[in-house]
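Here is a short tour of a structure, written to be read with the model open beside you.

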Amino acid sequence: MSNTITEQTVNIRTISDGARPFEVVAILVKRSMMRVRRMPSAFIPSLVMPVFQLIAFSGAFGFAVTSLGIKNALDWYVPLNAMQGASFGALGVSFGLINDMQTGFFDRILMAPTPRWVTVVSSLAAAVVRCVVPITFVVIVGYIGGMNTPGGFMAIVCVAIASIAIAVVAAGFALGLTFRMRNLGAATLTQFAIFFTIFLSTSQVPLSAMSGWLRGVARINPMTNILRFARQGFLGDVTWEQSWGGIIAMAVLLILTFIYAMTGIKKFDQ
Amino acid sequence: MSVSIADPKMMASSSSARSLLRHTFVLTRRSVVGRLRQPAVLAPAFIFPLFFAALGSASFNKLASDPYFTANIATSFMNYAVAGAVLQGVLFGSTSAAGDLATDIEQGFFERLLASPISRTAIVLGRLAASMVVAVVQVVIFMAIFVVAGARIESGPIGFIGLIGGGALLALAMSAMMAGLAIKSGSPEVVQGAFPLVFVLMFLSSAFFPRHYMKGWYRTVADWNPLSHIVEGMQGFMNHELSASQFAKSWLIPFVLAVIGIAFALRALNNRLAAS
């Protein structure tokens with residue numbers, strides 16, 4: 001008897017008030033993780049590629065950074081590849097959304113009694129959850145390879161914050177683009193945008209080692225500040241001077257990409 | 001003399017060789033036109049190598065202040081990066097060409113070719129020749145861009161021909177191996193899935209950075225990687241006086257790989273024909 005009453009209460013709340021937004025976010029994140037579990041072939045490259053790039057960059061370009069006084073090439077490349085691995089989740093977000101659009105599932109989400117921001121936030125939250133594994137994997141490989149963390153635990157905190165921020169920014173951009181384009185071209189363009197933004201910064205060598213056009217581009221690229229924030233604990237102590245530029249860059253990019261995603265879903269509605 | 005003209009075996013052989021050439025030419029043209037009609041597929045083979053070369057020359061140009069680099073490797077990092085870009089572009093292009101062959105198989109066009117009165121060998125050779133044509137165009141375009149950007153071919157016009165020949169032979173070798181895979185599997189996904197392996201081989205070579213500066217196991221792998229020697233032969237054309245070793249590295253190694261690749265592709269074709 002009491003069970004029946006409880007069920008009725010739940011049903012009444014759902015119908016009259018709509019589902020609680022964060023419950024819906026949690027359910028959609030869980031659904032996204034189920035997709036990762038059921039299609040590991042789509043997730044494994046985002047796990048393997050950053051680790052391979054870490055090995056390739058530190059093996060091939062190691063001399064270019066160690067000759068500048070950096071103790072171990074991994075100290076320079078672990079934060080970069082952790083961030084890259086985190087950004088790959090954006091492609092999963094884009095592919096998943098396109099798949100939902102093609103199968104009609106996305107229309108059902110739109111018809112659900114939840115605010116539009118829930119759809120955007122759930123995809124961003126899924127990108128955050130997805131990025132945890134590649135970041136952890138890259139950091140573990142870095143430790144095995146003998147990377148230094150003079151900044152202590154804060155070094156890991158900084159790289160985690162920067163990677164999660166990049167995962168959210170990339171996913172927000174992917175969502176905005178996918179809502180507008182509604183085809184697989186959005187995923188490809190997202191990939192290009194992430195790739196060029198990351199590489200046209202201090203991804204491979206410090207600003208002081210660069211010459212010509214790249215130095216000018218890297219100087220104004222917000223990714224340079226974010227990489228500086230992420231790397232500081234691997235190259236020395238974590239300080240406010242090395243942090244504030246990255247924090248501002250992350251905050252601005254997060255706001256801009258969230259707005260881009262939200263305006264995208266509104267355009268999709270129209 | 002009259003005997004040789006009237007000899008039906010010779011006539012048949014001459015006629016089949018001529019038809020093989022004619023069919024190969026027609027299928028090469030079809031393949032090249034098909035590739036030109038898909039600029040989105042061809043674009044990465046141009047954009048990424050040029051981007052990486054530009055990035056490398058701006059990032060690692062200070063390496064040129066190392067006396068060892070300037071004396072033994074290259075005059076500038078851009079001059080060094082040219083060969084890596086050629087290698088990368090050719091490998092990208094050849095993989096996507098083999099992907100087209102697999103698409104033909106998947107969509108049934110390959111079966112129609114088999115049913116038509118054309119040489120079976122020409123079906124494979126046409127694709128391979130098309131890869132070589134695209135590679136030649138690619139190398140010429142790359143060289144034009146690099147020369148405008150300030151690169152110099154130290155070995156002169158023969159070195160330029162050496163680079164083009166090396167690119168074409170590498171395209172032949174790579175597309176033959178990938179074509180074998182395409183015929184064997186009949187799936188574009190399998191061909192694309194094999195590309196990361198090529199990507200790994202490229203990074204584990206001296207395509208992007210000189211072997212001299214690598215250390216440990218990475219250096220050992222790069223020393224054994226044939227791509228290192230092919231690309232160093234090409235770098236030789238760009239940065240040193242002409243020498244036989246440049247041809248040996250950038251022509252002979254891809255040629256041997258091409259022979260193995262073509263044998264693999266033709267064997268895969270025979271197996272497919274036998275199975276069908």
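This is a predicted model: local features need pLDDT of at least 70, side-chain atom pairs count only at pLDDT 80 or more; totals for chains, interfaces and linings use all residues.

Thr224(A) belongs to helix H12 of chain A, residues 222-235. Setting aside the neighbours within four places in sequence, Thr224(A) is in contact with Ser201(A), Thr202(A), Ala218(A) and Arg219(A). Gln242(A) sits 18 residues from Thr224(A) in sequence, and their C-alpha atoms are 11 Å apart in space.

**The two chains**

Chain A has 13 helices and 0 strands, so its elements, read from the N terminus, run α-α-α-α-α-α-α-α-α-α-α-α-α. Chain B has 12 helices and 0 strands, and along the sequence its pattern is α-α-α-α-α-α-α-α-α-α-α-α. The table sets out some overall values for each chain.

| Chain | Box filled by the C-alpha atoms, along the principal axes |
|---|---|
| Chain A | roughly 75 × 40 × 35 Å |
| Chain B | roughly 65 × 50 × 35 Å |

For chain A, the globule rule gives 18 Å for 270 residues, and the radius of gyration of 21 Å is close to that, so chain A is as compact as a globular protein of that length. For chain B, a compact globule of 276 residues would have a radius of gyration near 19 Å, and the 20 Å of chain B agrees.

Burial can be read chain by chain. Of the 270 residues of chain A, 45% count as buried; of the 276 residues of chain B, 46% do. In chain B, 81% of the contacts between residues at least 6 apart join residues at least 24 apart.

Which residues have the most contacts inside the largest nonpolar core? That core has 154 residues, and the ones with the most contacts inside it are Ala90(A), Ala171(A), Ala174(A), Val86(B), Leu87(B), Ala179(B) and Ala182(B).

The buried residues of H6(A) are Gly89(A), Ala90(A), Leu91(A), Gly92(A), Val93(A), Ser94(A), Gly96(A) and Leu97(A). The helix covers residues 89-103; its 15 residues should span 21 Å at 1.5 Å a residue, and the end C-alpha atoms are 21 Å apart, which agrees. After H6(A) comes Gly104(A), with a positive phi near 90°.

**Helix H2 of chain A**

Helix H2 of chain A, residues 21-38, has 18 residues and reaches 26 Å from its first C-alpha to its last, close to the expected 26 Å. Its buried residues are Val24(A), Val25(A), Leu28(A), Val29(A) and Ser32(A). Seen down the axis of H2(A), these buried residues fall within an arc of 135°, so they line one face of the helix. They pack against H6 and helix H8 (116-144) of chain A. On the face turned away from the buried side, H2(A) carries the exposed residues Glu23(A), Ile27(A), Lys30(A), Met34(A), Arg37(A) and Arg38(A).

**A loop residue with positive phi**

Arg182(A) lies in the loop between helix H9 (153-181) and helix H10 (185-199) of chain A. Most residues other than glycine have a negative phi. Arg182(A), however, has a positive phi, near 60°. With 15 other C-beta atoms within 10 Å, Arg182(A) is partly exposed.

**Where the chains meet**

Finally, the interface: 15 residues of chain B are in contact with 17 residues of chain A. On the side of chain B that touches chain A, helix H3 (39-59) and helix H9 (188-203) of chain B each supply at least two residues. The largest share, 3 residues, comes from H3(B). By class, that side of chain B has 11 nonpolar, 2 polar and 2 charged residues.

Note on methods:
Residues are numbered from 1 along each chain as its sequence is written. Chains are lettered from A and ligands numbered from 1 in the order in which they are written. A nonpolar core is a set of buried Ala, Val, Leu, Ile, Met, Phe, Trp, Tyr and Cys residues joined through C-beta atoms within 7 Å. A residue is buried if 20 or more other C-beta atoms lie within 10 Å of its own, exposed if 12 or fewer, and partly exposed in between; C-beta atoms are placed from the backbone. Two residues are in contact if their C-beta atoms, placed from the backbone, lie within 7 Å. Helices (H or I, at least four residues) and strands (E, at least two) are DSSP runs, numbered from the N terminus. Ala, Val, Leu, Ile, Met, Phe, Trp, Tyr, Cys and Pro count as nonpolar, Asp, Glu, Lys and Arg as charged, and the others, Gly among them, as polar. The radius of gyration is taken over C-alpha atoms; the globule rule is 2.2 Å times the number of residues to the power 0.38. The expected span of a helix is 1.5 Å times one less than its number of residues. The arc is that of the directions from the helix axis to the C-beta atoms.
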